[in-house]
Amino acid sequence: MSSEKRGILERLNAGEVVIGDGGFVFALEKRGYVKAGPWTPEATVTHPEAVRQLHREFLRAGSNVMQTFTFYASDDKLENRGQNLKLSGAQINEAACDLAKEVASEGDALVAGGVCQTPSYLSCKSETEVKAVFKKQLEVFMKNNVDFLIAEYFEHVEEAEWAVQVLKTTGKPVAASMCIGPDGDMHGISPGECAVRLVKAGAQIVGINCHFDPMTCVKTVKMMKEGVEKARLKAHYMVQPLAYHTPDCSCQGFIDLPEFPFALEPRILTRWDMHKYARESYKAGIRFIGGCCGFEPYHIRAIAEELASERGIVAPGSEKHGMWGAGLEMHTKPWVRARARRDYWENLSPASGRPKCPSMSSPEGWGVTKGHTELMQHKEATSSQEMKHVMDMQKKVKSSA
């Protein structure tokens with residue numbers, strides 16, 4: 001990367017707002033380049049033009065972090081439950097670095113290499129074995145000299161600690177975000193304690209990504225911040241939530257919703273919801289603000305527009321979007337022109353248009369996590385016997401709810 005670009009810690013230490021990108025796996029699944037279920041990023045090799053274009057759209061929307069599309073790109077995940085990709089994690093991650101670096105060079109953006117939770121951990125492999133998975137991924141990031149590293153999407157703080165400890169050996173800045181809510185990780189460890197453990201492991205930036213809606217994630221980061229300050233430690237804070245409303249979710253977040261993953265559209269936040277999210281994040285002292293699953297470029301643009309005065313710049317994508325609907329002043333219909341004002345969009349309560357659609361769902365909380373036989377992973381494809389077992393389990397859980 002260009003030596004002229006200031007690093008992530010330089011920017012955050014100066015109090016600047018850093019805007020992340022959005023959710024690649026969900027966005028590319030909808031576009032036909034990622035398979036739901038495994039959620040693996042082989043599109044970096046098979047369809048690089050699709051990944052490149054999405055990076056470019058987030059950059060244009062205002063993002064100044066290009067996160068490598070390396071989510072679930074560890075070899076144990078690529079081989080899990082019958083996957084036969086004939087592509088290694090190294091090949092996928094190498095292509096991901098090339099794409100992120102290419103687009104980052106087109107603007108004032110940094111490249112972040114990312115690792116996430118592993119099937120090995122869920123299957124109770126040893127610390128040494130799990131760390132070896134992270135070390136293998138790390139080799140590609142170091143070869144490509146990414147600007148900083150992110151350990152994201154961890155449900156268990158222990159595994160997140162192991163990831164941070166491995167990433168920290170590089171000397172690169174390390175960010176760590178967990179996919180937990182106010183109830184803490186999957187073993188009930190509070191957000192505050194999780195944050196303290198991550199900082200002590202070596203993370204300079206801590207926070208939350210995925211599983212919950214923006215306001216829930218901001219609330220959880222506040223709890224992390226309180227824990228770190230109480231322990232008299234220092235850190236920067238990040239948040240990259242879902243673009244879905246999740247008021248009815250429990251500990252596991254949107255994974256438990258019956259709508260996951262193919263019927264979540266009625267829950268999507270509007271761009272105006274994103275303005276509120278950006279402002280609440282900023283007020284909470286969070287300076288690394290982005291998005292995860294469900295986030296599209298227009299969501300990131302809304303964050304950039306809300307914080308344009310604090311950042312001192314306007315994103316290129318805003319040239320096609322009048323602030324608070326100002327472009328509607330040019331509409332041919334007078335009643336639509338009347339909507340070209342902030343108070344209209346700020347106070348709107350959007351309807352779903354679905355007469356029989358409930359406002360809330362009943363999450364499928366099975367109560368299983370690392371250490372349960374239900375989560376033991378394997379390379380073989382899921383058998384019909386296993387499918388029958390999980391369907392029977394589902395019926396049992398629903399009948400006892």
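Modeller: Two strands are said to pair if DSSP finds at least two bridges between them. The model discussed here is predicted.

Colleague: How many bridges join strand β6 to strand β7?

Modeller: Strand β6 covers residues 205-209 and strand β7 covers residues 236-240. The two run parallel, and I208 stands opposite V239 in β7. The number of bridges joining β6 to β7 is 5.

Colleague: Which are the edge strands of the open sheet of 8 strands?

Modeller: The order in this sheet is β1-β8-β7-β6-β5-β4-β3-β2, with parallel pairing. An edge strand here pairs on one side only. The edge strands are therefore β1 (18-19) and β2 (65-67).

Colleague: Where does C210 lie, and is C210 buried or exposed?

Modeller: C210 lies in the loop between β6 and α11 (214-230). Its relative accessibility is 2%, and the limit for a buried residue is under 20%. C210 therefore counts as buried.

Colleague: What is the relative accessible area of M391?

Modeller: M391 is found in helix α17 (residues 384-400). Together with M387 and V390, M391 forms a nonpolar surface patch with about 240 Å² of accessible area. M391 is partly exposed, and its relative accessible area is 44%.

Terms used: Residues numbered from 1 in each chain as written. Predicted model: local features only at pLDDT ≥ 70, side-chain atom pairs only at ≥ 80, totals over all residues. Heavy atoms only, no water. Patch = residues over 30% accessible without salt bridge, like charges linked within 9 Å, V, L, I, M, F, W, Y side chains within 5 Å. Areas by Shrake-Rupley, 256 points an atom, 1.4 Å probe, with all protein chains shown as cover. Salt bridge = Lys/Arg side-chain N within 4 Å of Asp/Glu carboxyl O. Helix = DSSP H or I, 4+ residues; strand = E, 2+ residues; numbered from the N terminus. Buried < 20%, exposed > 50% of the residue type's maximum accessible area, 1.4 Å probe, protein only.
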